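Student: Could we go through this complex together? I would like to begin with how the chains are arranged.

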There are 2 protein chains.
Amino acid sequence: MAEPRDSAAMSARDRAVWEVLAGIRAFSDAMDRMYSGMKGDMDMNATDLAAIRMLIIREQREQSVSPHDIARHLRISTASTTKLIDRLSGSGHVVRLPHPHDGRARVIGLTDKSRHEFMLHFRDSIVAMRTVAEEYSSEELVVISDFLDRISVAIDTEE
Amino acid sequence: MAEPRDSAAMSARDRAVWEVLAGIRAFSDAMDRMYSGMKGDMDMNATDLAAIRMLIIREQREQSVSPHDIARHLRISTASTTKLIDRLSGSGHVVRLPHPHDGRARVIGLTDKSRHEFMLHFRDSIVAMRTVAEEYSSEELVVISDFLDRISVAIDTEE
DNA sequence: CCCGTTTGCTAGTTTATCTAGCGAGTTCGA
DNA sequence: TCGAACTCGCTAGATAAACTAGCAAACGGG
């Protein structure tokens, strides 16, 4: 992203680092495009789909999600979040559950419909990604997943 | 993303593949959050920022971008794209240039203001990512960037 | 040279976001 | 223990951004 570009002045080492950053860019670009496509396929707007993505990922980490969490993740107001949940709730994609310990709070749960629908449109991509992954040795995969985890932490600005 | 989860039934090999997919998820989640944050920092809505991202990436690949390309990338209508470009043009982030060979078409160009502003808010993340990358050997970096490129191609559904 | 297509735009409508403010529930210190 | 300050999610009304429909200008193959 930053500087170089005149590759003549770069060492092989610099170039390797550079290539990784370019790879990240390419990946995030492809991700953007894929998610834009899914929004059309699932007949959903970008924000609502981003919320579903977030819910799915948090569910897999066994973390509960509140309306407030959604607002923070998407950086929209809590008022907009209320309406977002109204929409997703009305279409049967999420449910509002009571928070076990806090009477004010809610826990937003995914419905099977969401999971199935998301999987339906995401499955091909997962299979494609798995196919790519399977071409690497286990040692390489460890390096890659370690790298991805570290990059994720690095860009996660804990507000 | 799909299936497993009861890790007892997985081989070490399966687990390595699984971990990479989990890494991709974590990364895309962190990316989502980072971009949401930038939208607040840059005082821009999510779509407009996504358009800027696209333009920056395409510029680095030396590909020109038309309004139509933006519409396809974001999956919004050409009408919405016109207004999006009106906004970004009005705020001095992009310029409409004539297409060299097609009198109907336009080429959307970034301004220095865009590049600087984007870099200002993205620099810290780039540095953080570079720092992570520099902890790996050149051989590992080659594997990683190769992987990222392949994953990008894999999920790029050419409409 | 024409006719069908493509490109980007305008107009008017619908949808989604925002700001402001409220009631209920929680927390904590006097 | 009780009240003040705070947090959570919601409502109401205003603003911003998306959509559909349709148009003129430019292109391009027969």
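Student: What rotation superposes chain B on chain A?

Tutor: In this predicted model, a rotation of 180° with 0.0 Å of shift along its axis places chain B on chain A, with an RMSD of 0.0 Å. That is the relation of a two-fold axis. The superposition is by least squares on the C-alpha atoms of residues with pLDDT of at least 70 in both copies.

Student: Which C-alpha of chain B is nearest the axis?

Tutor: That of Ile144(B), which is 2.9 Å from the axis.

Student: Before we continue, what are the conventions?

Tutor: Residues are numbered from 1 along each chain as its sequence is written, while chains are lettered from A and ligands numbered from 1 in the order in which they are written. Because the model is predicted, local features need pLDDT of at least 70 and side-chain atom pairs count only at pLDDT 80 or more, whereas totals for chains, interfaces and linings use all residues.

Student: How many residues does the contact take from each chain?

Tutor: The contact takes 61 residues from chain B and 61 residues from chain A, two residues being in contact if their C-beta atoms, placed from the backbone, lie within 7 Å. On the chain B side, α1 (12–41), α2 (46–60), α3 (67–74), α5 (112–133) and α6 (138–155) each supply at least two residues. Helices here are DSSP runs (H or I, at least four residues), numbered from the N terminus.

Student: Which element gives the most there?

Tutor: α1(B) does, with 23 residues. By class, the side of chain B that touches chain A has 35 nonpolar, 11 polar and 15 charged residues. Ala, Val, Leu, Ile, Met, Phe, Trp, Tyr, Cys and Pro count as nonpolar, Asp, Glu, Lys and Arg as charged, and the others, Gly among them, as polar.

Student: Why do the copies meet through the same surface?

Tutor: Because 100% of the interface residues of chain B are also interface residues in chain A.
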